[in-house]
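User: I am new to this structure and would like to learn how to read its features one at a time. Could you please guide me through it?

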Amino acid sequence: RSRPPHRRGRPAIKRRPLLHRARQPEHSFSRPGLGDDIMVNWFQPPLQTKVEYRQGDTIIAVPAKSGTTWTMNIFHQLKTGGDPDFKDIYAEVPWSEFKEGPDQPDEELLERWKKMPADVPRAFKTHSSPGPEGTPLPEMGCFATYREDLKYIVVMRNPEEAIVSFKPFIESHNPKAFEYWGEPEMREKFLKPTFQAFFDECVLPGFPNMPPEIVPPGGLLTMLFFGFVNGWWPLRNKPNVLFLHFSEMKADHEGSVRKIAKHCGFEPTEEQWPKILEYTSFAWMKENQAKFEVGTLMPFPFILPGGMVRKGAQGKAAEDGMSPEIQAVIKDWAEKMVPDEAARKWLFEGGALPP
């Protein structure tokens, strides 16, 4: 089967100002030599630009702590008709921004993904967004690609809930991973006694060791959430793009799974549906959380027990330290960095997508 050229099916998207990375001279991941000083190098967004995507592949695009692992599992369960025996969701749905070791060549991963069976649907996870033309724009931190022959599941969550969940998630990264990558001191820089301290010292200033001149206004709020919605929002009504909000997925689990099935072309039998819904439930995933902690790709589990599937709740941000004062700061940065009012409202609240 012939593979369409990289730029075939490029969308006609009206060019807009790149406000989501405003005044950022260059993005950290595009500047040679800065990677070691900014973030532990297992996170490599440029890697996805080298993937040879096949017609019909699905891209699962979700910001940090916004339902990524859940959506990956939904895809896998729909693809298999219900599979309780897989070992590692990251072996089933590759993360196209993740390096498994400090000396691992890109080619090892690219060749592995290329060898995945051609007759079985593939999906890839990304935290990235595309540039204004639907193609990568590394200088603005945009590494995802939009193509009309691919399918996209784009999930977002209220950033107040996502960012407050980010602190315990970072803390649950295995200390061995930092040692493995030669960055044992980096983990300590993330460990803060309160969410207020984490917000002031890690969220607004950017990742530890990031030079101030390359941190976008709003810090991690812009890097993780505001840039993401700005990048994907113009594509929300494309027929091959499915937008879902985390709140919608929580309120209607079965309806959301069925939407994803229809979008991806999966047609489970009536006998398979109960299994799929069970294996994608929070209770089942919590009981089998080792399957979601990147347990087989490195010499040790990447995430400590309980770190990936934690609460699975919405509206509980205050329990983890979110305060009215921090909420006000987040809303203020959202108004500055997400110029489209409808996009901003949907990011926080979900609901029907505007035309």
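User: At roughly what angle do the axes of α5 and helix α14 cross?

Analyst: Please keep in mind that this is a predicted model. The axes of α5 and α14 (residues 324-337) cross at roughly 120° and come within 10 Å. The crossing of α5 past α14 is right-handed. On the α5 side the contact is made by Pro159, Glu160 and Ile163, and on the α14 side by Gln327, Ile330 and Lys331. Sorted by class, the contact of α5 with α14 has three nonpolar residues, one polar and two charged.

User: Which residues touch the most other members of the largest nonpolar core?

Analyst: Such a core is read from buried nonpolar residues joined through their side chains. Here the core has 103 residues, and Ile163, Phe166 and Trp232 touch the most other members. Helix α9 (residues 220-232) supplies the largest share, nine residues. Beyond its neighbours within four places in sequence, Ile163 is in contact with Phe195, Phe198, Val203, Leu221, Leu224, Phe225, Met322 and Ile330.

User: Is phenylalanine 225 buried or exposed?

Analyst: Residues under 20% relative accessible area count as buried. Phenylalanine 225 has a relative accessible area of 1%, and is therefore buried. Phenylalanine 225 lies in helix α9. Apart from neighbours within four places in sequence, its contacts are Pro63, Ala64, Ser66, Pro159, Ala162, Ile163 and Leu220. The C-alpha atoms of phenylalanine 225 and leucine 347 are separated by 8.6 Å, although the two residues are 122 residues apart along the chain.

User: Leucine 347 belongs to helix α15. What do the buried residues of α15 pack against?

Analyst: The general idea is that an α-helix has 3.6 residues a turn, so residues three or four places apart point the same way. In helix α15 (residues 341-349), the buried residues are Ala343, Arg344, Trp346, Leu347 and Phe348. These buried residues pack against β3, α5, α9, β4 (241-245) and α14. At the start of α15, a side-chain oxygen of aspartate 340 reaches to within 2.9 Å of the backbone nitrogen of alanine 342. Glycine 350 follows α15 and has a positive phi, near 75°.

User: Where is arginine 157 found, and what does its side chain reach?

Analyst: Arginine 157 is found in the loop between β3 (151-156) and α5 (159-171). Its relative accessibility is 9%, so arginine 157 counts as buried. The side chain of arginine 157 reaches the backbone oxygen of lysine 65 at 2.8 Å. Arginine 157 and glutamate 161 are also joined, side chain to side chain, by a polar contact of 3.3 Å.

User: What is the phi of lysine 65?

Analyst: Most residues other than glycine have a negative phi. Lysine 65 has a positive value, near 55°. Lysine 65 sits in the loop between β1 (58-61) and α2 (68-80), and it counts as buried at 15% relative accessibility. Asparagine 209 also has a positive phi, near 80°. The loop between α8 (195-203) and α9 holds asparagine 209, which is partly exposed with a relative accessible area of 36%.

User: How many helices and strands does the protein chain have?

Analyst: The secondary structure comes to 15 helices and four strands. Of the 355 residues in the protein chain, 57% are buried. Among contacts with a separation of 6 or more, 75% are between residues 24 or more positions apart.

Notes. Residues are numbered from 1 along each chain as its sequence is written. This is a predicted model: local features need pLDDT of at least 70, side-chain atom pairs count only at pLDDT 80 or more; totals for chains, interfaces and linings use all residues. Side-chain values use heavy atoms; hydrogens and water are left out. A nonpolar core is a set of buried Ala, Val, Leu, Ile, Met, Phe, Trp, Tyr and Cys residues joined through side-chain atoms within 4.5 Å. Buried means under 20% relative accessible area, exposed over 50%, partly exposed in between (1.4 Å probe, protein chains only). Helices (H or I, at least four residues) and strands (E, at least two) are DSSP runs, numbered from the N terminus. Contact means heavy atoms within 4.5 Å. A polar contact is a pair of N or O atoms within 3.5 Å; within protein, one must be able to donate a hydrogen and the other to accept it, and residues adjacent in sequence count only if both atoms are side-chain atoms. Axes are lines fitted to C-alpha atoms, for helices over the stretch in contact, and angles run from 0 to 180 degrees between N-to-C directions. A crossing is left-handed if the near helix is turned anticlockwise from the far one by less than a right angle, and right-handed if clockwise. Ala, Val, Leu, Ile, Met, Phe, Trp, Tyr, Cys and Pro count as nonpolar, Asp, Glu, Lys and Arg as charged, and the others, Gly among them, as polar.
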